[in-house]
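Subject: Structure handover and notes

Dear colleague,

I am passing on the structure we discussed, together with some notes on it. Please read them with the sequence and the coordinates open beside you.

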Amino acid sequence: MKLDGKVALVTGGSRGIGAATALRLAEEGADVAITYVATTALATEVVEKIKATGRRALAIAADSADAEAARAAVETTVAEFGRLDVLVNNAGVGFVAPVAETGLADLDRLLAVNVRGVFLATQAAAAHLGDGGRVITIGSCVTDRVPGPGMVLYAMTKSAMVGLTKALARELAPRGVTVNLVHPGPTDTDMNPADGPYAADQKSLTAVGRYGQPGEVAEAVAYLADPAGSYVTAATLSVDGGHAA
């Protein structure tokens with residue numbers, strides 16, 4: 001129970017990589033809060049699974065596109081559990097379209113969730129994180145390799161996380177807080193299922209020839225959250241099956 005006594009907040013934690021991460025951190029001993037938007041039933045299910053491990057759990061309705069909600073989720077977690085040790089910025093939205101067909105509303109939505117929401121949650125969390133604190137952001141393999149057209153907006157917003165991670169790692173290191181980035185490759189979730197219409201092409205771009213599982217990404221997050229990861233900061237860890245090879 002390497003995270004016994006710790007508290008984690010996983011944004012977008014009701015499904016996919018977020019849900020797997022929340023459960024994995026609970027298995028390591030952390031009490032876990034998750035945020036969700038419309039997936040109330042799934043969020044409740046994740047909370048019950050966390051509680052079944054013997055840990056405390058909380059589901060917070062919060063859209064990361066809402067600036068106040070992004071900040072409030074952190075404060076609600078601290079108010080409920082008394083502290084915050086690990087922030088996992090997992091909430092994000094995808095978008096695929098030619099640049100000529102990308103509208104201002106699309107731009108604003110992705111920037112609000114994938115960039116501004118991450119920054120605001122991290123800013124709020126930084127006020128509470130002490131020695132041993134962790135900020136871990138879920139990026140994307142398209143930051144390393146864009147496999148085809150239509151990914152301009154998504155790749156741009158995910159690439160912004162590289163700068164945030166490196167700069168914030170410098171700023172928070174004197175306080176004993178690490179800041180890292182995890183880049184998943186094609187991962188079997190309801191947003192990008194391994195049997196979906198684009199799955200064959202995505203599998204072919206990986207060295208291992210398959211989709212990853214949410215739990216495989218969660219293992220990487222758990223390592224970075226672990227005390228054993230204290231010498232890892234400003235790093236980008238690719239869990240992509242060789243997508244960037």
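Predicted model: local features only at pLDDT ≥ 70, side-chain atom pairs only at ≥ 80, totals over all residues.

Residues are numbered from 1 along each chain as its sequence is written, and side-chain values use heavy atoms, with hydrogens and water left out.

Helices (H or I, at least four residues) and strands (E, at least two) are taken as DSSP runs and numbered from the N terminus. Helix α3 covers residues 67-81, and its 15 residues reach 22 Å from the first C-alpha to the last, close to the 21 Å expected at 1.5 Å a residue; the expected span is 1.5 Å times one less than the number of residues. At the N-terminal end, Asp66 caps α3 through a side-chain oxygen that lies 3.0 Å from the backbone nitrogen of Glu68. Just after the helix, Gly82 takes a positive phi of about 90°.

The buried residues of α3 are Ala69, Ala70, Ala73, Val74, Thr77, Val78 and Phe81, where buried means under 20% relative accessible area, exposed over 50%, and partly exposed in between (1.4 Å probe, protein chains only). What covers these buried residues includes the strands β1 (7-10), β2 (31-36) and β3 (57-61), as well as helix α4 (104-126).

Grid points are joined across faces, edges and corners, and a volume is the space filled by probe spheres set on the points.

By this rule there is one cavity of 30 Å³ or more, and about 90 Å³ of space lies in the largest cavity. Of the 14 residues that line it, Thr11, Ser64, Ala91, Gly117 and Ala121 are the closest to its centre. Both α3 and α4 supply at least two residues of this lining, and α4 gives the most, with four.

The second largest pocket holds about 170 Å³ of space. Its lining consists of Ser14, Arg15, Gly16, Ala19, Ala20, Leu23, Leu42, Glu45, Val46, Lys49 and Pro214, and the elements that give two or more residues to this lining are α1 (16-27) and α2 (40-52).

Thr157 lies in helix α5 (residues 152-172) and counts as buried because its relative accessibility is 1%; leaving aside residues up to four places away in sequence, Thr157 touches Leu110, Leu111, Asn114 and Val115, a contact being heavy atoms within 4.5 Å. Ala61, in strand β3, counts as exposed because its relative accessibility is 57%. Ala234 lies in the loop between α7 (214-225) and β7 (236-239), and its phi is near 65°, a positive value in a residue other than glycine. Most residues other than glycine have a negative phi. At 25% relative accessibility, Ala234 counts as partly exposed.

With best regards

How values were computed. 1 Å grid on protein atoms, 1.4 Å probe; cavity = no way out; pocket = protein on both sides within 12 Å on 5 of 7 lines; lining within 4 Å. Polar contact = N/O pair within 3.5 Å; in protein donor to acceptor, adjacent residues only side chain to side chain.
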